[in-house]
Amino acid sequence: MELKNQFSKYAREYQSYNIIQQICAKSLIRELKTKPKRILELGCGSGQIFSNINWEFDFYKAIDSSISMCELHPKSNNLEVKCLNFDSKEFFEDIKNDYYDIVLSSSALQWSIDLEKIVFSLSKITKEINAVLFTSNTFKTIQKLTNTLSPILDEYSIKDAFSKYFTCEFETIFYKLEFDSKKDLFDYIKKSGVSGSSELSYEIAKKLYQNYNLNYLEFEVIFVKTISKL
């Protein structure tokens, strides 16, 4: 199953299950020191970041690879929502002649197959990036129990990709999200989008359900703020 299909499948329920993503999006906007007028957002989803924008802007381009998510995104004047994969040639062609005051991204860029390439391209069209990414330590107990590797980038790789083109500030935060029942916990894994395209076999999923004894899920996110270009 492709990643975009995984997100699309549960798009209508996504807003009920993306609790950590909503926390990250609110924190990202709250930390902004200015109110940028030209904004590019990568991995816009159903509008977690945009719903926190409370100032007037001149132009806002929101990118997401899921058609279903783009359809759910709020509509507004001076807003352009485009269904593009941020790793694709089409995306790089689309932005190459643009310029933005800031690039925002929440809970998305950890899925990139070449984050360094994205950051390099963004360095040509903006002086400022504010992003938050999940790291590979998300669901770390599940990975240990199932003897699987995380499908998302580790903290070091994320820092390295950004630091090649910008002087950055990084802050890594560990969250625990508690659940009333094991069923609720596993429903969250399936529908939140955090697990991406990684689907366990029936046997491994059954074993995990039997042996996962925590009443919470683990999430690790890294906040990235660029200070200046190198």
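Modeller: In this predicted model, two rings of Phe, Tyr or Trp count as a pair if their centres lie within 6.5 Å.

Colleague: Which residues do ring pairs link into a cluster?

Modeller: The cluster is built from ring pairs, each of which requires centres within 6.5 Å. Its members are Phe 134, Phe 139, Phe 179, Tyr 188 and Phe 219.

Colleague: What is the angle between the planes of Phe 120 and Tyr 165?

Modeller: The centres of Phe 120 and Tyr 165 are 5.3 Å apart, and the pair is classed as tilted. The angle between their planes is 55°.

Colleague: How many residues apart in sequence are the parts that this pair ties together?

Modeller: Phe 120 belongs to helix H6 (residues 115-123), whereas Tyr 165 is in the loop between helix H8 (155-163) and strand E6 (166-178). The pair therefore ties together parts whose separation in sequence is 45 residues.

Colleague: Is Phe 186 buried or exposed?

Modeller: Phe 186 of helix H9 pairs with Tyr 209 of helix H10. The relative accessible area of Phe 186 is 16%, and the cut-off for burial is under 20%. Phe 186 is therefore buried.

Colleague: Which residue has its charged end over the ring of Tyr 209?

Modeller: Tyr 209 is partly exposed, at 39% relative accessibility. A charged end lies over its ring at 5.3 Å from the centre, and this end belongs to Lys 182.

Conventions. Residues numbered from 1 in each chain as written. Predicted model: local features only at pLDDT ≥ 70, side-chain atom pairs only at ≥ 80, totals over all residues. Heavy atoms only, no water. Phe/Tyr/Trp six-rings, centres within 6.5 Å; stacked < 30°, edge-to-face > 60°. Helix = DSSP H or I, 4+ residues; strand = E, 2+ residues; numbered from the N terminus. Buried < 20%, exposed > 50% of the residue type's maximum accessible area, 1.4 Å probe, protein only. Lys NZ or Arg CZ within 6 Å of the ring centre and 35° of its normal.
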